[in-house]
Amino acid sequence: MKTKATAKFWFLFLFLFISTRRSVHSERVDLVNDSKGRALLIDRSYFILLDNGGSITAVDTSFCQISVIQLLHNITIPSKISISHDSFGFITTGFPISISFPSFTVPSLCISSNKWVVVKSKPLGKHVMVGDEADYDNVVCGSFYLKTYDYDKGYYKPVFCEGEGESDCTHIGVQFDDEYFRRLVVTDHLEPLIFKFVMAEDDSFALEDSSIVRTW
């Protein structure tokens, strides 16, 4: 009985917290759910399933330059989503997040982090890489957020907000580079990247979309 009471307390607290955030910010704040309607948990691994097919991965586009790209075929690797603030174990659309790949999926030993980071350079402008400030010049200071795209269908879009807070946010799109890689870039001039999450430990997801191949 004590465990149930404690769980009810935290859910009530979280509900009141989200309600307060909604009153302070004009934009709605939601819990982020996976494809089965379960709240995303911090430090868990999830498959990112794109709404238009394909998958997200990391490739070495130059020596020690690890880029986040879209593949057109459905080979999906799990991405770990972790929160930057204490939010009682849940991920919401009102908190900054960090996204990282498992270490064995990153094709380089010369970067110091597996996290997504935004780097500014020509000709792409601001684009998503894997690493941190020690690996690249011109790293853009800011945070990633998840924003609701279609709550009923479980689709979300990532945005990148420069500086602190959510006053200067831009969504993530896909753009070809000179080598014809489909690079993830920070821009409002392209269609936003849209995806849903499937828990990596959930073996039943293959029945929902047999075109997705689990790699671990």
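This is a predicted model: local features need pLDDT of at least 70, side-chain atom pairs count only at pLDDT 80 or more; totals for chains, interfaces and linings use all residues.
The largest pocket is lined by 20 residues, and those nearest its centre are Ser98, Trp116, Val117, Glu133 and Gly142. A pocket here is an open set of points on a 1 Å grid over the protein atoms alone, with a 1.4 Å probe fitting at each point and protein on both sides within 12 Å along at least five of seven lines; lining residues have an atom within 4 Å of a point. Two or more lining residues come from each of strand 6 (97–100), strand 7 and strand 9. Strands are DSSP runs of E, at least two residues, numbered from the N terminus. The space in this largest pocket is about 330 Å³, a volume being that filled by probe spheres set on grid points joined across faces, edges and corners.

Residues are numbered from 1 along each chain as its sequence is written, and side-chain values use heavy atoms, with hydrogens and water left out.

The second largest pocket holds about 240 Å³ of space. It has 15 lining residues, with Thr61, Ser121, Leu124, His127 and Arg183 closest to the centre. Strand 2 (55–62), strand 3 (65–71), strand 7 and strand 8 each give two or more residues to this lining.

I turn now to the loops. Between strand 7 (116–121) and strand 8 (125–130) lies proline 123, which is joined to lysine 122 by a cis peptide bond with omega about 0°. Asparagine 138, in the loop between strand 8 and strand 9 (142–150), has a positive phi of about 60°. Tyrosine 180, in the loop between strand 11 (169–176) and strand 12 (182–186), likewise has a positive phi, near 70°. Asparagine 138 is exposed at 54% relative accessibility, and tyrosine 180 is exposed at 68%; exposed means over 50% relative accessible area, buried under 20%, and partly exposed in between, with a 1.4 Å probe and protein chains only.

Finally, is valine 159 buried or exposed? Valine 159, in strand 10 (residues 155–162), is buried, because its relative accessible area is 5%. Leaving aside residues up to four places away in sequence, valine 159 touches Ser143, Phe144, Tyr145, Lys147, Cys169, Thr170, His171 and Ile172, contact meaning heavy atoms within 4.5 Å. Its C-alpha atom is separated by 6.2 Å from that of cysteine 169, ten residues apart along the chain.

Definitions and conventions
Helices (H or I, at least four residues) and strands (E, at least two) are DSSP runs, numbered from the N terminus.
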